[in-house]
Structure formats: structure tokens, C-alpha cells
Amino acid sequence: MVSGTAITEDVCQVEAKRLWNALSKDSHNLLPKILPEIFASVTLLQGDGGVGTIKQLNFTPANKDFSFIKERVDEIDEEKMVYKYTTIEGGSLGEKLSAASFEVKLVPRKEGGCVASWICNYETLPGAQLD
């Protein structure tokens with residue numbers, strides 16, 4: 001078993017608050033519209049989008065590895081624009097990973113737009129190799 005962290009950081013031209021609202025409040029509606037080749041649908045299974053909400057993201061056949069992921073919203077910090085969630089079922093869980101949690105953070109830039117960081121903390125299953 002290996003514990004690790006993967007970090008991705010991108011500069012985005014969209015204003016931080018606008019992107020925050022789209023990602024934290026409306027992603028279940030937006031993802032299938034803006035990335036229809038990846039997301040078939042996103043369904044709120046429990047909750048209203050706030051902390052404790054459970055979402056199911058259903059993928060198109062373009063994703064050869066798995067058809068869905070269930071996520072639980074763990075934290076939403078409006079002021080700091082931090083969104084934390086945990087994969088609770090599907091995806092690579094049970095095949096390559098024993099746990100995966102994520103943090104998305106948006107930081108406004110003086111020049112406009114924002115820096116979006118995505119942090120994934122994971123634990124692999126014994127003997128599993130990540131791509």
C-alpha cells in the first residue's frame with residue numbers, strides 16, 4: 001500500500017468567484033453540458049449540494065476504466081473558495097485505490113482570472129500500480 005498526493009495547478013481566465021459558483025453550486029448541471037463527451041450525467045443521490053451531499057457522476061463509454069463514481073461533499077468554504085470531497089464508491093476504488101479524497105481551491109489573481117489547484121490524497125491497494 002502506498003499513500004500519496006497528486007497536485008495539479010492551472011491558471012484560469014475565469015474570475016474566481018464565477019468559477020467557484022459554477023464548481024461548488026452547479027457542477028451537477030454544468031459538467032454534462034460542458035463536457036458531454038466525458039459525463040453522461042451527474043445525479044444528487046442525497047442532499048442539496050451542500051456538505052454531506054452524495055453525488056453520482058456517470059461517465060460516457062469514452063471512459064474505458066469505469067462507468068461511475070460516487071462522491072461525498074466533505075467541506076465547502078465560501079470565503080476561502082475551498083471545496084473538499086471524497087470518493088466513496090466506483091472509479092478505481094476497490095481495484096487500485098483503497099481511499100481517495102480531493103481538495104479544489106481557487107485563488108483570485110491581481111491580473112484577473114484565478115489559480116485553480118486540485119489536490120488528490122490517495123492510498124493504493126497492496127500491489128496496485130497507478131498509471
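How are helices α1 and α2 oriented to each other, roughly parallel or roughly perpendicular?

**View 1. Packing of helix α1 against helix α2 in the predicted model.** Helix α1 spans residues 16-25 and helix α2 spans residues 27-34, and the two pack at an angle of about 100°, with their axes 6 Å apart. Because angles of 65 to 115 degrees count as roughly perpendicular, α1 and α2 are therefore described as roughly perpendicular to each other.

**View 2. Residues at the contact of α1 with α2.** On the α1 side, Ala 22, Leu 23 and Lys 25 take part, and they meet Ser 27, His 28 and Leu 30 of α2. Sorted by class, this contact of α1 with α2 comprises 3 nonpolar, 2 polar and 1 charged residues.

**View 3. The largest pocket and its lining.** The largest pocket holds about 1,400 Å³ of space, and its lining is made up of 43 residues, of which Phe 39, Glu 71, Tyr 85, Phe 102 and Trp 118 lie nearest the centre of the pocket. By class, the lining of the largest pocket divides into 29 nonpolar, 7 polar and 7 charged residues.

**View 4. The span annotated in UniProt, residues 1-125.** The unreviewed UniProt entry lists residues 1-125 under "domain: Bet v I/Major latex protein". In the predicted model, the end C-alpha atoms of residues 1-125 lie 5 Å apart, and the span is 14% helix and 53% strand.

How values were computed: Residues are numbered from 1 along each chain as its sequence is written. This is a predicted model: local features need pLDDT of at least 70, side-chain atom pairs count only at pLDDT 80 or more; totals for chains, interfaces and linings use all residues. Side-chain values use heavy atoms; hydrogens and water are left out. Axes are lines fitted to C-alpha atoms, for helices over the stretch in contact, and angles run from 0 to 180 degrees between N-to-C directions. Helices (H or I, at least four residues) and strands (E, at least two) are DSSP runs, numbered from the N terminus. Angles under 35 degrees count as roughly parallel, over 145 as roughly antiparallel, 65 to 115 as roughly perpendicular and the rest as oblique. Contact means heavy atoms within 4.5 Å. Ala, Val, Leu, Ile, Met, Phe, Trp, Tyr, Cys and Pro count as nonpolar, Asp, Glu, Lys and Arg as charged, and the others, Gly among them, as polar. On a 1 Å grid over the protein atoms alone, a cavity is a set of points where a 1.4 Å probe fits but cannot get out, and a pocket is an open set with protein on both sides within 12 Å along at least five of seven lines; lining residues have an atom within 4 Å of a point. Grid points are joined across faces, edges and corners, and a volume is the space filled by probe spheres set on the points. UniProt positions are given in the numbering used here, feature names are shortened, and annotations may be inferred rather than shown by experiment.
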